[in-house]
Amino acid sequence: MTEHAQGAAGADDVDAVTRAVLTASRLLVAVSARSLAAVEDRVTLPQFRLLVVLSMEGSAKLVVLAERLGVNPSTAMRMMDRLIAAGLADRQINQDNRRETVLRLTPEGRRIVEDVTARRRREIAAIVERLAPEQRSAMVAALKAFTEAGGEPSAPDEAAGLHPLGWADAPLRHSP
């Protein structure tokens with residue numbers, strides 16, 4: 001095969017993979033939207049993202065939350081105010097530095113994160129169960145390579161007792 005033909009084949013391959021990933025991402029966005037449907041009267045998607053970050057952080061200062069979400073602190077503060085008013089988060093005095101306030105989930109906020117995550121996990125598991133075992137293995141390898149290429153850390157291992165949210169600890173740029 002000539003160098004030009006290899007380059008064209010590589011471009012076709014990249015295009016085919018890109019189309020496949022975009023199609024899969026539509027499915028995952030739909031699954032995410034359906035998992036949030038039960039709580040959409042209580043929280044918006046950006047507010048849910050903030051709840052997820054809070055669930056990973058435990059207690060956090062506003063500036064840390066804003067950084068994790070990739071938003072301005074004033075935007076994060078408005079979101080927090082709404083979550084606090086809804087009883088899903090609260091403010092506490094930092095016991096290590098009494099001049100600071102930290103933010104955290106309430107039990108109800110934690111329940112929402114856990115319920116939405118469990119719904120998402122069940123729906124994804126039902127889809128994966130329809131794949132043949134060899135397709136599942138190939139998918140694991142391909143998705144690991146894809147997330148590594150994108151710089152996304154691996155999701156924690158639920159069996160190890162870690163929180164199975166699957167959300168990055170890095171800023172959650174424009175992803176649902």
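This is a predicted model: local features need pLDDT of at least 70, side-chain atom pairs count only at pLDDT 80 or more; totals for chains, interfaces and linings use all residues.
## Helix axes and the overall layout

The protein has 6 helices and 3 strands.

What about contacts between residues at least 6 apart in sequence? Of these, 58% join residues at least 24 apart.

## Helix 2 meets helix 5

The axes of helix 2 and helix 5 come within 10 Å and cross at roughly 105°. Angles of 65 to 115 degrees count as roughly perpendicular, so that's the label for helix 2 and helix 5.

Which residues do the touching? On the helix 2 side you'll find Phe 48, Leu 51, Val 52 and Ser 55, and they meet Arg 110, Ile 112, Val 113, Val 116 and Arg 120 of helix 5. Sorted by class, this contact has 6 nonpolar, 1 polar and 2 charged residues.

## Helix 2 meets helix 4

Helix 2 (residues 45-57) also meets helix 4 (residues 73-85): their axes come within 10 Å, crossing at roughly 85°. Helix 2 and helix 4 are therefore roughly perpendicular to each other, too.

Here helix 2 uses Pro 46, Gln 47, Leu 50, Leu 51 and Leu 54, while helix 4 brings in Ala 76, Met 79, Met 80, Arg 82 and Leu 83. The class count for this contact is 8 nonpolar, 1 polar and 1 charged residues.

## The nonpolar core

Now for the inside. The largest nonpolar core has 25 residues, and Phe 48, Leu 51, Leu 65, Met 80 and Leu 83 have the most contacts inside it. Two or more residues each come from helix 2, helix 3 (62-69), helix 4, strand 3 (101-105) and helix 5 (107-129). Helix 2 gives the most, with 6 residues.

Leaving out residues up to four places away in sequence, Leu 65 touches Leu 50, Val 53, Leu 54, Glu 57, Ala 60, Met 80 and Leu 103. Two of the names there, Leu 50 and Leu 54, also turned up on the helix 2 side of the contact with helix 4.

Conventions:
Residues are numbered from 1 along each chain as its sequence is written. Side-chain values use heavy atoms; hydrogens and water are left out. Helices (H or I, at least four residues) and strands (E, at least two) are DSSP runs, numbered from the N terminus. Contact means heavy atoms within 4.5 Å. Axes are lines fitted to C-alpha atoms, for helices over the stretch in contact, and angles run from 0 to 180 degrees between N-to-C directions. Angles under 35 degrees count as roughly parallel, over 145 as roughly antiparallel, 65 to 115 as roughly perpendicular and the rest as oblique. Ala, Val, Leu, Ile, Met, Phe, Trp, Tyr, Cys and Pro count as nonpolar, Asp, Glu, Lys and Arg as charged, and the others, Gly among them, as polar. A nonpolar core is a set of buried Ala, Val, Leu, Ile, Met, Phe, Trp, Tyr and Cys residues joined through side-chain atoms within 4.5 Å. Buried means under 20% relative accessible area, exposed over 50%, partly exposed in between (1.4 Å probe, protein chains only).
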